[in-house]
Amino acid sequence: MKELNPLEFPVCFEFPTRLAPSHWIGHIPFAMSLVAWQRPRIFVELGTFTGVSYCAFCQSIAHLGLDTKAYAVDTWKGDPHNGSNGPEVLEELRAFHDPRYGSFSRLIPSTFDEALLHFLDGSVDLLHIDGYHTHMAVKHDFESWLPKMSHRGVIVFHDINVRQGDFGVWRLWEELKEQFPYFEFLHCHGLGVLQVGKEPTGTLDPLLNAPAQEAVKIRECFSQLGQRLTFQWETERLLRDIRNQQETDRESLQRQLAELQAAKGLQLEEGPKIEIEGVTAIQEQPARVLRLEQRLKIQNERLAALNEQLVELQASKDLQLQECLHAQGELRTAQQRQLDMAEMAREAERAEHRGVLTSLQDRLGETEQNLQVCRLQLAEKNGLIEFQASRIAEKDQLLQSQGAQLAERADRIRVQDPLVQALTGELNACVQREGKLQEEFDGCAQRLEAVQRSLSFRCASRVSRLVRQTAPVGTLRGTVLHLALRGGSVLRRDGVRLFFFKLTRKATTLATRALPFRSA
Ligand SMILES: C[S@@+](CC[C@H](N)C(=O)[O-])C[C@H]1O[C@@H](n2cnc3c(N)ncnc32)[C@H](O)[C@@H]1O
């Protein structure tokens, strides 16, 4: 991942045009850089007071020539942590702000809640929350403004590192760190950067995803830059105080001198009249001069001490500036080293990629050949598929026509169904009748068989009685009948053999009927 390089965003080295006593001074270099990284379309600040933080954001927007719309929301009446203010705070800020940033920025005197109405949901890219600092108040500000944040939204919280009294930003910050990507600064009461948008711009990645060591370096760099400003501001304020003090002292001395001179002139003019008073005054004069000299001496000593302090501060400022420059130099060298190393690594990577590319190209050639073969096979298969498809289409048509026929038949069956049911009823009745008839028939058959059995027995006994009567054994008639009944042959006296075949029951019956001899 790309590392954060402040030199790519030199706006962080700009000297702020708006400075006033504020713990925010130390965060100005970061605020200016953040604007350059994120390039917000809409920026809102909740809690502006004298405008140290707000004007830093605006200065960066103007310096970079961005198309940002900026809004500062504050009642400018103060709060329990910040004390109460009169209208002069807003008036003074307006006088500074409007001519410089009036083209893209508005100061909105209102409570944070009332101002919510003036912003669409999902419209704010960058929000700075620096209002009342209790846990409940800052949590309310966060939760009520969160829906206003855009998909690339970033929220900045001041005072995340203040753990005294009822300051509670740190507690909310601990809760939010669990839920969103973040970066935190611990100097100047602490500043937290929270990415609440779901699709952030990649430019903040090196900050929000910085490895632990890199994060330490970033914190150190911006803390140094911030301290430089705080120090510069303190020095200038001290110088101003010294100059003011000198001025006051000079005026006071001049007044006293004038008084003395006036007193001396009066004494000369009215000498005789106020001789006694004059004598007293003259007597007191050396003492007064002494007192004045002593006061002058004390003032001079204080002046000398202040001058010494100033020289020390100046020296220490120079030292800090040198350290700063030295740190910048080291930073630049380290970055150059890192760039060189990154370049070497990239070159090695490029060589490796070239090798991979060549082998990939070879494989691509092979793959293209295979692809060609596959294409031919595919074309063949496509032909086959087309042929099959046409057959399937034909079969489909056949199926459709058969389907239609089936449907027709089903219709017909539906129509014939009642008929079939009626016929089936009749058939069942017939089957039942048939069963009964079969039973009757079986009974008749049994009776018939019994009749037949008794008839054939009676017939047989009648025949054998008739045979015994008409053709007794030993007669020719008896022999012939015997042969006729049993079969066989007989040799006549003339030498002819007569053959007799066994008579069937029918033949016997016929023969019996044909025979002229019957029993009487
Ligand atoms: C700590 S100061 C802001 C400091 C400022 N950011 C700076 O750079 O110095 C807090 C400001 O928030 C304002 N404030 C607090 N709660 C507010 C609220 N609910 N609505 C509007 N203004 C509020 C106060 O009037 C006060 O001016």
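Buried means under 20% relative accessible area, exposed means over 50%, and partly exposed is in between (1.4 Å probe, protein chains only). Keep that handy for the tour. This is a predicted model, where local features need pLDDT of at least 70 and side-chain atom pairs count only at pLDDT 80 or more, while totals for chains, interfaces and linings use all residues. Residues are numbered from 1 along each chain as its sequence is written, and side-chain values use heavy atoms, with hydrogens and water left out.

**The whole protein**

Of the 520 residues, 32% count as buried.

**The cysteines**

Now select Cys12, which is buried at a relative accessible area of 1%. Which cysteine sulfur is closest to that of Cys12? It belongs to Cys221, 6.5 Å away, too far for a bond. Next pick Cys58, buried at 0%; its closest cysteine sulfur is in Cys55, at 5.9 Å, again too far for a bond. With a disulfide defined as a pair of cysteine sulfur atoms within 2.5 Å, the count comes to zero.

**The aromatic rings**

Show the Phe, Tyr and Trp side chains. Rings (for Trp, the six-membered one) pair if their centres lie within 6.5 Å; planes under 30 degrees apart are stacked, over 60 edge-to-face, and the rest tilted. The structure holds 17 aromatic pairs. One of them is Phe30 with Phe222, edge-to-face at 5.5 Å centre to centre and 85° between the planes. This pair links distant parts of the chain, 192 residues apart: Phe30 sits in helix α1 (residues 28–38) and Phe222 in helix α8 (residues 212–269). Phe30 is buried at 2%, and Phe222 is buried at 2% too.

Then jump to Phe96. Arg100 lies over its face at 3.8 Å from the ring centre, and Arg18 lies over the face of Phe96 at 4.9 Å. The rule here is NZ of Lys or CZ of Arg within 6 Å of the ring centre and within 35 degrees of the ring normal.

**Asp79**

Last stop: Asp79, in strand β3 (residues 78–79). Is Asp79 buried or partly exposed? Asp79 is partly exposed, at 21%. A polar atom of its side chain lies 2.9 Å from the backbone nitrogen of His81, and one lies 2.8 Å from the backbone nitrogen of Asn82.

Key:
Helix = DSSP H or I, 4+ residues; strand = E, 2+ residues; numbered from the N terminus. Polar contact = N/O pair within 3.5 Å; in protein donor to acceptor, adjacent residues only side chain to side chain.
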